[in-house]
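The questions below go through one structure, element by element.

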Amino acid sequence: MRQSTLSEVKDAVTPRATLLVIGVIVLQLLFIASYVGALHEPKLKDVSFGVVAPRAVAGQTVARLDGLPGSPLDPRALPDERTARERIVDRDLYGALVVDPAGTTDTLLVASGGGKALSLALGTLIAAVDKSQGRTVRTVDVAPASPHDFNGLSSFYLVIGWCVGAYLCASILAISAGARPANPIRAATRLGTMTLVALAGGLGGAVIVGPILDALPGSVWALWGLGALLIFAVGAATLALQGLFGVIGIGLAILLVVIAGNPSAGGAFPAPMLPPFWQAIGPALPPGAGTWAARSISYFHGNDMTSSLLVLSAWAVVGVLITLFAAVLRQRRLASAASAASSGASVRPFGREEGPL
């Protein structure tokens with residue numbers, strides 16, 4: 001009985017299964033380390049910030065803000081309030097302080113559509129600075145988040161939904177008939193299917209957050225295009241990873257999109273509030289590029305999203321090329337193996353060819 005039980009355990013827990021379980025544990029710990037590491041202690045760091053003040057005061061104000069402990073701001077003088085507003089809407093600045101030389105109340109310009117947590121943090125910081133100078137501050141939101149977009153997170157949740165659907169669909173397509181694409185035709189078919197999934201998912205997400213829930217303003221058509229590109233990019237990347245590494249590619253896709261991509265996307269806390277590592281990787285990963293572009297469409301008239309679209313396009317193109325390359329390479333290897341097996345079957349042990357029986 002004991003031997004039978006041991007045999008059953010060995011059959012149930014194969015070396016392959018053991019390695020996969022270990023891989024899941026590693027992903028689990030990386031998930032915890034990434035999310036907690038990125039989000040447990042948000043701080044302002046070198047936030048691009050404008051200062052509008054008379055020439056005699058502007059230099060002193062910039063120097064005072066630049067010298068704050070921890071370097072929360074990266075201030076620069078601007079000629080007037082109109083320029084400050086334009087640069088915030090263009091997404092060159094996260095906020096600006098307009099100093100009133102004739103009074104004691106200054107104006108803080110923010111854009112909560114780009115992340116409400118950052119706007120609130122700027123308000124708290126500038127209020128404390130002005131208070132220390134015997135002044136007060138009023139806040140003006142030049143690109144406010146929708147009242148139906150609590151904390152400005154709807155764009156982030158939209159992007160995460162698109163990303164999750166993309167790598168799940170790609171994983172299902174790959175493992176439904178083996179973890180690696182068997183030939184270029186099958187790989188191309190899966191990529192074509194991902195195109196249809198991207199079009200349907202992009203449109204569905206845009207309609208849900210727009211006309212149905214009224215969570216995000218902005219063009220439904222633009223959000224549809226963004227969603228389609230994002231879904232296809234993540235799906236193609238997932239297929240590429242599975243083509244190269246088999247079922248392990250699913251874990252690598254989760255590592256890139258979920259573990260590294262989500263906390264660095266600037267959703268809960270925009271990039272200037274994240275630690276340096278997550279600030280650096282966020283814009284280069286699909287969730288970060290997608291979140292930035294979705295907020296640009298919704299609140300900033302589509303400004304400053306070219307780099308994000310280029311990032312997503314690069315993921316899509318590289319994913320397609322690697323997926324097809326892996327399929328061609330696998331087909332050649334199978335053909336070579338079949339040819340070698342055929343040659344071996346027609347040759348006798350000492351090199352003499354086999355004749356008919």
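Q: Across which strands does helix α5 (residues 116–132) lie, and at what angle does α5 run to β4?
A: This is a predicted model, in which local features need pLDDT of at least 70 and side-chain atom pairs count only at pLDDT 80 or more, while totals for chains, interfaces and linings use all residues. Residues are numbered from 1 along each chain as its sequence is written, and side-chain values use heavy atoms, with hydrogens and water left out. Helix α5 lies across β1, β2, β3, β4 (105–110) and β5, where contact means heavy atoms within 4.5 Å. Angles run from 0 to 180 degrees between N-to-C directions, with axes fitted to C-alpha atoms, for helices over the stretch in contact, and the angle of α5 to β4 is about 160°.

Q: In what order do the five strands of the sheet stand?
A: The sheet is open and its pairing is mixed; two strands pair if DSSP finds at least two bridges between them. The edge strands β2 and β5 (136–141) each pair on one side only. The order is β2-β1-β3-β4-β5.

Q: Which residue in β2 stands opposite S48?
A: Strands β1 (residues 47–52) and β2 (residues 73–78) run parallel and are joined by six bridges. S48 points from β1 the same way as G50 and V52, while V47, F49 and V51 point the other way. The residue opposite S48 is D74.

Q: How many of the six residues of β1 are buried?
A: Buried means under 20% relative accessible area (1.4 Å probe, protein chains only). The residues pointing either way from β1 are buried. The number is six.

Q: How are α6 and α11 oriented to each other?
A: Helix α6 (residues 154–175) packs on α11 at about 135°, with the axes 9 Å apart. Angles under 35 degrees count as roughly parallel, over 145 as roughly antiparallel, 65 to 115 as roughly perpendicular and the rest as oblique. The two helices, α6 and α11, are therefore oblique.

Q: Which residues of α11 meet α6?
A: On the α6 side the residues are S155, F156, V159, I160 and C163. They meet, in α11, P286, P287, G290, T291, A294 and R295.

Q: Is H301, with its positive phi, buried or exposed?
A: Most residues other than glycine have a negative phi. H301, in the loop between α11 (286–299) and α12 (306–345), has a phi near 55°. Exposed means over 50% relative accessible area, and H301 reaches 69%, so H301 is exposed.

Notes
Helices (H or I, at least four residues) and strands (E, at least two) are DSSP runs, numbered from the N terminus.
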